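Reader: I would like to go through this structure with you. Could we take the ligand and then the helices?

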Amino acid sequence: MRHDRDVRIDGLAHTFDTGDGEGVRALDTIDLTIEPGQFVCLAGPSGCGKTTLLRLVAGFMEPSEGEVRVGGDLVTKPSAERGVVFQQPMLYPWMTVRDNVELGPKLRGVKAADRRETAQRFLDMVGLSDFAERRPYELSGGMQQRCQIARVLTNEPDIILMDEPFGALDALTRERLQDELLEIWRATGSTVLFITHSVDEAVFLGTRVMVMSPRPGRIVLDERAVFSTPEKNLDADEIRALPAYAELVDRVRHAIHQTEPSPSR
Amino acid sequence: MTDTSAAQVSAPAAHAERDPGPRPPRRKSSSGPNPWLVRALVLVGTIAVWWLVASLGLVNPVYLPSPGAVWDAFVQANRTHPIAPGVDRMIRGEYNYYLWEHLLASLQRIGIGVGAGILVGVPLGLVMATVRWVGIVVEPYVNFLRALPPLGYIGLLIAWFGIGDVSKYWLLFLAAFPPITLATIGGVRGVREDMVNAVYTLGANRRQALTTVMFPATLPQVITGIRVATGFAWTTVVAAELNNGIPGIGGLAYQAGTELKTPITIACIIVIGVTALALDALIKLVERTVAPWHGKA
Ligand SMILES: Nc1ncnc2c1ncn2[C@@H]1O[C@H](COP(=O)(O)OP(=O)(O)O)[C@@H](O)[C@H]1O
Ligand SMILES: [Mg+2]
């Protein structure tokens, strides 16, 4: 894994062609640099363009304006350096859980024994070892999402892009996966762009918290957060009890509300 | 899917398998009478009514022979028997073939026709769905061919390939491949874009994306297409055997009918129907074996 590659987003904007000549402007000009090793959380109301931004960074589509560069190289298509955790787990039902997790190294031609070892490490980490020979559709939603996370981590991407990965989970599963994700991030030091519509999740996880305005999306708040850094040796409840934590949550919430269209509309 | 939080509170283990865990297999609903029992009773009832009508002499047996006569004809058609009662000359089954040989001949024809349909139809569908201009150019012709009743062009095939089996193979091939091709196209187009995006983010090249994601994701639809094609080919072959169809189960049914050997004709009709159902069940079984995720993911 290389941890010296930053993500530079330069004048990025996107308008979806809807065939009516007008189109939907989903993203307004975004300028942003994500430093290597940062855990960037992007919050914003639903429909504001968060997924659009993530898909542009992933290389799934071409931006209407501007560009994304990773370590100086222009992003034109998806690549193994940028792992994506989709909102819906995109697992392959014709493979076992283990084969799904091993898929990245297998595609790159890593020897069977080696990739098995890496996959096993991450299966252990997300607690799915006992389900390795099952098919994805035999797992619960939370387990499927953990499987997808293990699959992305096994492939050791420089940058991990996560689109509301815990959005469909209940509170308990979500909090546990948040803890696990932080542990993994501290252990691997990869760069993370994490999208969420939960203010608490953004402040809790990020080293940097951003807020996007409603469509067309613009960044309206960009703050450092320090609660997830390795030095902070506090558990989740202690962190959430810190006055500074509550303060940042307030500021982020305020930023989102300020940008929200008035209820009359 | 959302995890039920109730199930999770109760198990605060260390690495905490707090998810509800793997899903239990779906249970069949056990309400109401057993459908198989009902079906068996209806079948027995139908045969009883048939038997009653026949034995009361309400209908001339040439039109409606009794169940017993049909059974006897069925048994005799699978044996070497005297050519007529009291005559010494023996004959194999009907028209020198046992009934099962007639059936096998028809099955072999659809095997060849549908087999060729798969070999051509699946790759064609994949190419049509992935190479835009091929799809644009070829799709109208495949749709046209599919809209044609095969018996409408059997005459042309006989003119080209003669009255023997070759024209029948062609007929069944032309009947079988359009549904297979169209199902394959539908399968490819139905694959979620992010299923493919995901494999690219794992490092796949285009060929790997096709073999590890596109093909397996399309498989259930392809099998459904083969099922449709097989059913269609079966009805087609039976009808096509009106011309020079001995041996062949359709040929036998037709030939026997024209000679007023109604018991054997009815026996053939039953065999044809049961075979169609069996083929369908077989393909469903294949699907459940090779694509067990279908309908679950
Ligand atoms: N393929 C598309 N075609 C047209 N409009 C789209 C498409 N994808 C997204 N949009 C629109 O762009 C806006 C931003 O969408 P999205 O990035 O998914 O928002 P978010 O992830 O923040 O909820 C929404 O208004 C959505 O309707
Ligand atoms: Mg979204």
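Predicted model: local features only at pLDDT ≥ 70, side-chain atom pairs only at ≥ 80, totals over all residues.

Reader: Which residues surround ligand 1?

Author: In chain A, the residues around ligand 1 are A:F16, A:A26, A:S46, A:G47, A:C48, A:G49, A:K50, A:T51, A:T52 and A:R215.

Reader: What lies 2.6 Å from an oxygen atom of ligand 1?

Author: That is a polar side-chain atom of A:T51.

Reader: And which backbone atoms lie by its oxygen atoms?

Author: A polar backbone atom of A:K50 is 2.8 Å from an oxygen atom of ligand 1. For A:C48, a backbone N or O atom lies 3.2 Å from an oxygen atom of the ligand.

Reader: Turning to the helices, at what angle do α2 and α3 of chain A cross?

Author: Helix α2 (residues 97–107) and helix α3 (residues 112–125) of chain A cross at roughly 125°, and their axes come within 9 Å. Because of that angle, α2(A) is oblique to α3(A). The crossing of α2(A) and α3(A) is right-handed.

Reader: Which residues meet there?

Author: From α2(A), the residues are A:V97, A:R98, A:V101, A:E102, A:P105 and A:K106. They meet A:R115, A:R116, A:A119, A:Q120 and A:L123 of α3(A). By class, this contact of α2(A) with α3(A) has five nonpolar, one polar and five charged residues.

Reader: What about α8 and α9 in chain B: how do their axes cross?

Author: The axes of helix α8 (residues 193–201) and helix α9 (residues 206–240) of chain B cross at roughly 130° and come within 10 Å. That angle is why α8(B) counts as oblique to α9(B). The crossing of α8(B) and α9(B) is right-handed.

Reader: Which residues make up that contact?

Author: B:M195, B:V196, B:V199 and B:Y200 of α8(B) meet B:R206, B:A209, B:T212, B:V213 and B:M214 of α9(B). The residues of this contact of α8(B) with α9(B) divide into seven nonpolar, one polar and one charged.

Reader: On to the backbone. Is the peptide bond from B:I246 to B:P247 cis or trans?

Author: The bond from B:I246 to B:P247 is cis, with omega near 0°. B:P247 is in the loop between α9 and α10 (249–258) of chain B. In general, most peptide bonds are trans.

Reader: And is the phi of A:E156 positive or negative?

Author: The phi of A:E156 is positive, at about 50°, although this residue is not a glycine. A:E156 belongs to the loop between α4 (141–154) and β7 (159–163) of chain A.

Key. Residues numbered from 1 in each chain as written. Chains lettered and ligands numbered in written order. Heavy atoms only, no water. Axes fitted to C-alpha atoms, helices over the stretch in contact; angles between N-to-C directions. Helix = DSSP H or I, 4+ residues; strand = E, 2+ residues; numbered from the N terminus. Parallel < 35°, antiparallel > 145°, perpendicular 65-115°, else oblique. Left-handed = near helix turned anticlockwise from the far one by under 90°. Contact = heavy atoms within 4.5 Å. Nonpolar A, V, L, I, M, F, W, Y, C, P; charged D, E, K, R; others polar. Near = heavy atom within 4 Å. Polar contact = N/O pair within 3.5 Å; in protein donor to acceptor, adjacent residues only side chain to side chain.
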